[in-house]
Amino acid sequence: MATIDDTATDTETGEEYATPPEERSAYLDRYPSAARIVRWCFLVAFGALGVGGLFGMIQALHRTGVFRGFVSSSDYYSVLTGHGVLLVLVFTTFFIAGLFTWAVTQSLEMDLPRPRLAVTWFSMILLGTVLAGTAILGGLVDQIPASADVLYTMYSPMQAHPIFYIGAALIIVGSWIAGANYFLMYRDWRAENAGERIPLQTFMVLTTFLMWYLATVGIAIEVVVFLIPWSLGLISEVNPLFTRTLFWYFGHPVVYFWLMPAYLIWYTILPKLSGGRLFSDPLARVVFVLFLLLSTPTGIHHQYVDPGIPEGFKFVAMTNTMFLLLPSLLTAFTVVASIEHGARQNGGGGLFGWLKNLPWDNPAFSGCTLAGLMFAAGGFSGMINAGMNINYLIHNTLWVPGHFHLTVGTASALTFMAITYWLLPQLTGKRIRNYTIASIQPYVWFIGMFLMSNAMHRAGLAGVPRRTAEPQYPSQGITFEGVVGGVSEMRLQIAIGGVLLTVSLAMFLYVIATTWLGPRSERIRVNGRIPKPLSSADDSPRVLDNMKLWIAIAVVLVLLTYGPPVASIVADGIFAGGSAPVPV
């Protein structure tokens with residue numbers, strides 16, 4: 001991995017900086033082409049984060065009835081679509097592409113050998129974003145003759161304008177080319193490093209993209225073969241159950257496309273920020289292999305209430321989903337052990353006393369750690385979602401967005417924001433400005449998400465529906481029985497939480513903008529050195545690096561899980577409305 005020879009501490013501020021001075025922005029100076037692409041990716045990602053976050057606050061205030069003056073209830077669904085697409089597709093894809101570019105180049109110690117290829121995938125994803133965003137915006141602006149009020153779950157029978165689907169397809173294909181870029185870099189490195197173990201960060205990037213290639217086959221077929229021709233009027237109808245199944249084939253593993261980059265940060269950077277080292281490189285590799293094998297054959301658990309899929313296949317999906325708890329539990333053990341090691345290196349002691357010796361005033365550390373804590377809570381609510389019987393209690397209620405605001409909206413989003421405080425100086429050669437605001441920002445996000453998600457989970461147990469602009473509340477004549485507390489209290493928490501999240505987002509964007517636009521510094525606040533793990537890759541079997549073996553097993557698992565139910569659905573006709581209704 002790339003290293004900086006030494007570090008020093010500012011005697012006045014106590015801040016650590018890289019030395020010697022000529023290496024103060026080592027990544028920017030060593031890999032200028034890669035640094036440029038990463039900056040472009042982050043710029044678009046944070047733009048999408050700002051707009052999507054604003055849409056989120058509008059939703060929170062509208063559906064709770066606190067303030068409904070921003071949009072009409074019919075336009076609410078355009079805002080909901082924009083919130084979902086901009087945050088969970090555009091923000092994440094651009095940030096991950098930038099993060100992975102940084103991870104591969106610095107761990108393989110090479111600048112981008114094919115910068116034109118990088119510009120190609122960046123331009124393709126950007127064009128897709130513009131097209132899809134234009135269609136969504138058309139739902140709010142009469143001058144644009146397009147609309148896409150199909151929410152984030154883009155399957156029939158709801159139909160969007162063709163440019164929305166074309167844009168979505170370009171985003172997916174662009175991400176495929178980005179992944180190809182990483183594999184080509186690995187091939188170049190392997191030609192000169194025969195017999196060497198794959199550097200850990202590159203290993204994580206490659207396994208993530210193997211999972212991504214496998215998982216996106218479903219939505220690629222859905223969008224290109226069915227939805228684009230359907231929206232253009234080339235075919236009159238499609239099988240709703242088939243398109244739903246293709247979407248959810250992608251719709252659950254995409255969560256791990258967001259989470260695995262967060263895991264990369266937690267495993268390789270968070271231990272360093274705590275002052276320690278990763279506990280076990282081999283365990284990290286096992287976790288990523290397990291995600292590659294288990295992430296994809298799980299999507300049918302989103303379709304427990306769908307007719308047309310036999311219960312036995314739903315049971316198989318539930319079992320596979322429960323197995324996914326294993327890599328998450330392994331991660332909890334490894335990451336906590338690693339940061340405890342760092343705290344004890346800093347003088348911490350006792351059963352829990354070492355927690356006081358962690359750098360809680362460092363926003364990169366506190367943001368990643370709080371995100372991991374929230375993810376643990378999200379994992380428990382995810383077990384409810386995955387259970388066949390208890391899923392029926394919370395299906396299509398506000399519990400579900402409460403869950404994924406913990407997993408994606410905090411585990412991924414807060415980790416990505418936090419680690420930007422550490423990455424941006426290395427990408428720009430500029431120190432983080434307004435550091436006090438940056439130090440507070442992760443805590444504001446944590447409090448806002450705690451309030452909002454807690455209330456969403458409880459409202460879901462009370463049966464309050466999701467995906468609606470005007471859920472029925474007591475003032476409108478229909479009441480829900482609160483499990484703990486009242487519905488009015490829940491919706492007030494959701495509104496306050498949504499506002500706090502927007503305030504936190506504005507704080508983050510302000511710090512990033514002022515840093516980005518500020519002058520370059522002689523000294524930066526961070527250094528890019530990644531210390532070696534306590535247990536290195538040499539302590540693990542080489543079979544873990546056999547990517548061909550793991551992707552082959554992953555494909556077999558998908559065929560066993562999805563083959564029979566998909567064959568049954570296809571038998572009803574893929575360009576037909578599905579089976580005829582059964583008299584009851």
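The model is predicted. It holds eight salt bridges. Helix α10 is largely enclosed by the rest of the structure, because twelve of its 14 residues are buried.

**Helix α10**
- Helix α10 spans residues 281-294 and reaches 20 Å from first C-alpha to last, close to the 20 Å expected at 1.5 Å a residue.
- Its buried residues include Asp281, Arg285, Phe288 and Leu294.
- These buried residues pack against α6, α8, α11, α12 and α18.
- At the start of α10, a side-chain oxygen of Ser280 comes to within 3.1 Å of the backbone nitrogen of Leu283.

**Salt bridges around Asp545**
- Arg197 pairs with Asp545 in a salt bridge, with the closest N and O atoms 2.8 Å apart.
- The two lie 348 residues apart: Arg197 is in the loop between α5 and α6, Asp545 in the loop between α17 and α18.
- Asp545 also forms a salt bridge with Arg285, at 3.1 Å between the closest N and O atoms.
- This pair links the α17-α18 loop to helix α10, across 260 residues.
- Asp545 is buried at 13% relative accessible area, and Arg285 is buried at 1%.
- Arg197 is buried too.

- Arg344 and Glu340 meet in a salt bridge at 2.8 Å, N to O.
- They sit four residues apart in helix α12, so about one helical turn separates them.
- Arg344 is partly exposed at 34%, and Glu340 is partly exposed at 24%.
- Elsewhere, shared partners join Arg197, Asp281, Arg285 and Asp545 into one salt-bridge network.

**Asn320**
- Asn320 lies in helix α11, residues 311-323.
- Its relative accessible area is 14%, so Asn320 is buried.
- Beyond its neighbours up to four places away in sequence, Asn320 touches Pro297, Thr298 and Thr561.

Technical notes: Residues numbered from 1 in each chain as written. Predicted model: local features only at pLDDT ≥ 70, side-chain atom pairs only at ≥ 80, totals over all residues. Heavy atoms only, no water. Buried < 20%, exposed > 50% of the residue type's maximum accessible area, 1.4 Å probe, protein only. Contact = heavy atoms within 4.5 Å. Expected span 1.5 Å × (residues − 1). Polar contact = N/O pair within 3.5 Å; in protein donor to acceptor, adjacent residues only side chain to side chain. Salt bridge = Lys/Arg side-chain N within 4 Å of Asp/Glu carboxyl O.
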